[in-house]
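Please read these notes with the structure open beside you. Each point takes up one place in the model.

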2 protein chains.
Amino acid sequence: LARIEPRVLKGFRDYLPEVMIPRQKMLATIEGIFQTFGFVPLMTPALEYAEILLGKYGDEGDQLLYRFQTRGDRDVALRYDLTVPLARVVAQYPEITLPFRRYQIAPVWRAEKPQRGRFREFVQCDGDIIGSAEMVADAEIVQLACALLEGLGVARYRVRLNNRKVLAGLMERIGVASGPAEAGVLRTIDKLPKIGAEEARRLLREENGLGGEQIAAAFEFLDMAGEADDVLRRLEAFFQGRGPGLEGTRELRQVFEILAAVGLTERAALDLSIARGLAYYTGTIYEAFLEDLPAVGAVMGGGRYDGLIGLFKDQEVPSVGISLGIDRLLAGLIELGVLETGRSVAQVLVTVFDGATAPAASRVAWNLRRGGVACELFPAPGKLAKQFRHAEREGLRWAVVVGPEEVAQGLVTVKDLETREQRSMPEAELVAYLSAASRS
Amino acid sequence: LARIEPRVLKGFRDYLPEVMIPRQKMLATIEGIFQTFGFVPLMTPALEYAEILLGKYGDEGDQLLYRFQTRGDRDVALRYDLTVPLARVVAQYPEITLPFRRYQIAPVWRAEKPQRGRFREFVQCDGDIIGSAEMVADAEIVQLACALLEGLGVARYRVRLNNRKVLAGLMERIGVASGPAEAGVLRTIDKLPKIGAEEARRLLREENGLGGEQIAAAFEFLDMAGEADDVLRRLEAFFQGRGPGLEGTRELRQVFEILAAVGLTERAALDLSIARGLAYYTGTIYEAFLEDLPAVGAVMGGGRYDGLIGLFKDQEVPSVGISLGIDRLLAGLIELGVLETGRSVAQVLVTVFDGATAPAASRVAWNLRRGGVACELFPAPGKLAKQFRHAEREGLRWAVVVGPEEVAQGLVTVKDLETREQRSMPEAELVAYLSAASRS
């Protein structure tokens with residue numbers, strides 16, 4: 001039999017333990033915080049009928065579906081996101097009553113052109129409140145973003161908020177039609193913080209075809225910055241008391257009022273250049289950033305999308321949600337030094353001296369685990385030097401030796417692989433010793 | 001736009017919160033116990049090159065692969081189990097040094113004929129020790145099974161052990177050739193506890209073509225039961241001190257010696273009728289059962305498979321592992337009453353009286369969460385009766401009312417939805433009150 005080359009598909013990746021250990025810690029924290037906010041978990045299949053997924057992501061999205069025929073001739077596809085399956089579930093089960101707040105952490109698949117940082121399989125982590133059109137829900141999701149970042153140990157972060165209705169008001173004011181023209185202008189606005197005002201003006205003129213007055217009005221709008229209260233007042237004047245712009249301004253005011261009551265004024269900022277890529281947003285939109293690592297980009301984002309969840313129902317279901325960029329967030333937390341990394345979960349290796357002492361070594365490991373001290377048992381008798389090397393490579397701090405002399409005397413020897421010190425003690429004292437040592 | 005019918009593919013299923021909540025609790029406990037044993041997490045892609053997966057599961061398995069061509073013309077398939085991807089990973093990454101103990105909890109896909117309890121997508125939960133041929137590793141995996149069941153709160157369970165070499169010794173002794181003939185006899189033996197001795201004798205005679213002496217010798221073997229020590233002595237005599245049977249007996253003796261040292265003698269039993277379906281086992285095999293729910297069947301199983309992990313390498317990599325039947329285990333734990341169920345994670349609903357008090361209600365919810373009390377905020381102002389009904393339907397115990405009078409006086413009212421009692425208290429006392437109440 002010819003050996004088959006072990007390899008992964010292009011655009012896919014394995015997560016080795018060194019990456020998975022901090023990642024799982026992060027996800028466990030995230031899950032705990034979702035639950036504190038009363039969100040409940042949901043799981044849907046990886047495969048769906050293609051007709052469920054098609055047409056929801058636009059032509060470009062449909063092109064990115066992994067779609068195939070099963071042997072039973074079903075037209076199926078791997079899910080592209082977690083939002084359309086959520087819409088299906090809400091429509092399908094009468095026992096799900098609204099309002100409904102759920103979170104889901106699961107992989108999605110997109111047949112993208114592979115490029116740096118873009119993968120064909122990645123884990124999405126979404127939380128959504130389904131069935132409320134009220135700003136108290138939008139504010140709740142922003143608070144969730146803040147709680148997540150605080151719970152993950154991020155000292156300095158900022159949630160930047162905007163509202164699609166406010167952007168629609170701008171379009172109305174400067175006379176840009178909805179559809180492709182509006183989408184083009186929004187794309188330019190979204191890039192503003194990255195490309196700067198001069199380049200944005202050039203794009204608005206040359207790519208989006210705006211005239212001088214239009215561009216001036218757009219920058220009157222985009223230049224509004226500072227305290228939310230102040231910006232909101234200026235926006236009201238800008239919209240001359242009418243239209244979607246005024247409605248969006250009122251919605252933002254309600255959200256900021258709640259954030260102020262909760263004490264999050266310093267954490268949230270009104271940023272009129274936030275536009276978000278997805279077409280389906282209808283109201284509040286926001287992105288969260290690590291202030292000490294601006295280059296990482298947005299680590300969370302989301303907003304209100306009142307049209308999507310009703311896709312499989314005969315009525316509109318107003319919804320607001322958040323999506324976490326797991327990979328970015330992980331990289332950011334590690335760079336900030338707030339997430340421990342390492343190749344091992346345990347800190348202790350119990351060595352196995354020889355076949356005759358294997359039962360005693362197993363007993364020592366068993367009692368450590370019962371006592372709450374995670375440990376690895378080296379799963380083969382043999383040279384201790386080799387077992388110590390294994391422990392050091394895996395980042396374990398202590399090695400326990402249970403040799404024939406130790407067994408005869410009811411003792412164990414603990415070696416600190418960092419300081420190279422070792423000390424013997426009665427087997428019965430080991431749990432207390434190592435649980436104290438591994439805590440300090 | 002015609003409405004698309006919301007539905008899932010046949011053989012697939014959604015996990016609604018009511019199922020997911022206890023399931024996640026169970027998986028978190030399992031993950032914690034894997035980690036106590038020093039197992040590290042690994043994640044591999046759902047899609048693999050078909051050539052990586054093909055030929056590893058036998059013809060029948062290959063037929064069950066979800067296999068398709070990507071637009072880029074790659075021949076790919078959804079993973080069928082977690083073991084072949086593990087073999088690939090061990091061969092692919094030089095930074096993974098042996099011995100290596102990993103766990104993985106992830107879905108796998110099989111294009112099975114749908115039938116009761118058989119799904120085309122299900123979550124596997126595997127732990128394996130790669131790179132040790134020693135029985136101390138086999139005993140470690142059996143201890144892990146015991147620790148998992150104890151950690152999950154199962155008071156009465158039993159791990160039934162056997163060894164493929166012992167079964168090979170039986171075949172040698174009764175003159176059944178390896179290959180299809182052996183596989184047929186093993187299938188019959190595996191069914192013995194279910195079908196009884198008489199039916200097994202009939203199958204051995206009529207289906208497997210054994211003669212009277214062969215059947216008598218087989219039952220001499222199968223009738224050995226009782227204390228492991230005693231059975232092992234009788235096995236040695238049965239094998240007349242030679243062959244794979246003797247080697248397997250010695251291996252079992254080593255495993256039982258270690259289990260005795262650890263104090264698990266009562267939990268483990270030698271059961272010569274355990275055969276396990278998979279062809280790839282080479283030594284120790286075992287299954288774990290809930291003693292109070294025998295009808296549930298094996299909730300965990302596994303064994304030693306020294307040939308598989310080397311598939312993508314030029315050398316053999318001895319391995320031993322465990323696989324948990326997540327769905328069976330969950331059903332069993334719920335039936336035993338050792339796993340809490342419920343539709344909600346939180347026990348508290350913070351109601352929203354009207355728009356004017358929404359900021360105060362949000363503040364109350366925020367402070368509860370900060371104080372470690374999980375709560376839902378009803379995400380829309382409106383009739384309290386409706387909000388209370390929502391809380392009761394979701395299984396929440398307490399509702400907090402923050403009405404205009406309460407806000408004016410700095411008070412909140414807590415309603416116990418079970419006793420219908422309600423009491424007012426200063427907002428500042430709510431966290432302490434509800435954390436005490438929800439603990440009792």
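1. Start with Leu330(A), which counts as buried because its relative accessibility is 7%, and the cut-off for buried is under 20%. The structure is a predicted model. Leu330(A) belongs to helix H11 of chain A, which covers residues 326-336. Apart from neighbours within four places in sequence, the contacts of Leu330(A) are Val19(A), Pro22(A), Arg23(A), Met26(A) and Leu339(A). Glu418(A) is 88 residues away from Leu330(A) along the chain, and 28 Å separate their C-alpha atoms.

2. Which residues have the most contacts inside the largest nonpolar core? They are Ile30(A) and Ile30(B), and the core itself has 283 residues. If residues up to four places away in sequence are not counted, Ile30(A) touches Cys125(A), Leu148(A), Leu152(A), Leu324(A), Ile326(A) and Leu329(A). Another core, of 11 residues, lies apart from the largest one; Ala374(B), Leu396(B), Ala399(B) and Val401(B) are among its members. As background, nonpolar side chains in soluble globular proteins tend to be buried together.

3. Is helix H4 of chain A mostly covered or mostly uncovered? H4(A), residues 83-92, is mostly covered, with 8 of its 10 residues buried. The buried ones are Thr83(A), Val84(A), Pro85(A), Leu86(A), Ala87(A), Arg88(A), Val89(A) and Val90(A). Note that a charged residue, Arg88(A), is on this list. The cover over the buried residues of H4(A) includes strand S2 (47-49), helix H2 (50-53), strand S5 (100-109) and strand S6 (121-130), which belong to chain A.

4. Next, a pair of helices from two chains. Two packed helices are described by the angle between their axes and the distance between the axes. The crossing of H5(A) with H12(B) is right-handed.

5. The residues at that contact can be listed from each side. H5(A) brings Val136(A), Glu140(A), Gln143(A), Cys146(A), Ala147(A) and Glu150(A), and these meet Ala358(B), Ser362(B), Trp366(B), Arg369(B) and Arg370(B) of H12(B). Sorted by class, the contact of H5(A) with H12(B) has 5 nonpolar, 2 polar and 4 charged residues.

6. Some backbone angles deserve a check. Most peptide bonds are trans, and most residues other than glycine have a negative phi. In chain A, the peptide bond from Leu98(A) to Pro99(A) is cis, with omega near -5°. Pro99(A) sits in the loop between H4 and S5 of chain A. In chain B, Leu98(B) and Pro99(B) are joined by a cis peptide bond with omega about -5°. Pro99(B) is in the loop between helix H4 (83-92) and strand S5 (100-109) of chain B.

7. Where is Gln240(A), a residue with positive phi that is not a glycine? Gln240(A) lies in the loop between helix H9 (228-238) and helix H10 (243-262) of chain A, and its phi is about 50°. Asp73(B), also not a glycine, has a positive phi near 70°. Asp73(B) is found in the loop between strand S3 (67-69) and strand S4 (75-78) of chain B. With a relative accessible area of 60%, Asp73(B) is exposed, because the cut-off for exposed is over 50%.

Definitions and conventions: Residues numbered from 1 in each chain as written. Chains lettered and ligands numbered in written order. Predicted model: local features only at pLDDT ≥ 70, side-chain atom pairs only at ≥ 80, totals over all residues. Heavy atoms only, no water. Left-handed = near helix turned anticlockwise from the far one by under 90°. Helix = DSSP H or I, 4+ residues; strand = E, 2+ residues; numbered from the N terminus. Contact = heavy atoms within 4.5 Å. Core = buried A, V, L, I, M, F, W, Y, C linked by side-chain atoms within 4.5 Å. Buried < 20%, exposed > 50% of the residue type's maximum accessible area, 1.4 Å probe, protein only.
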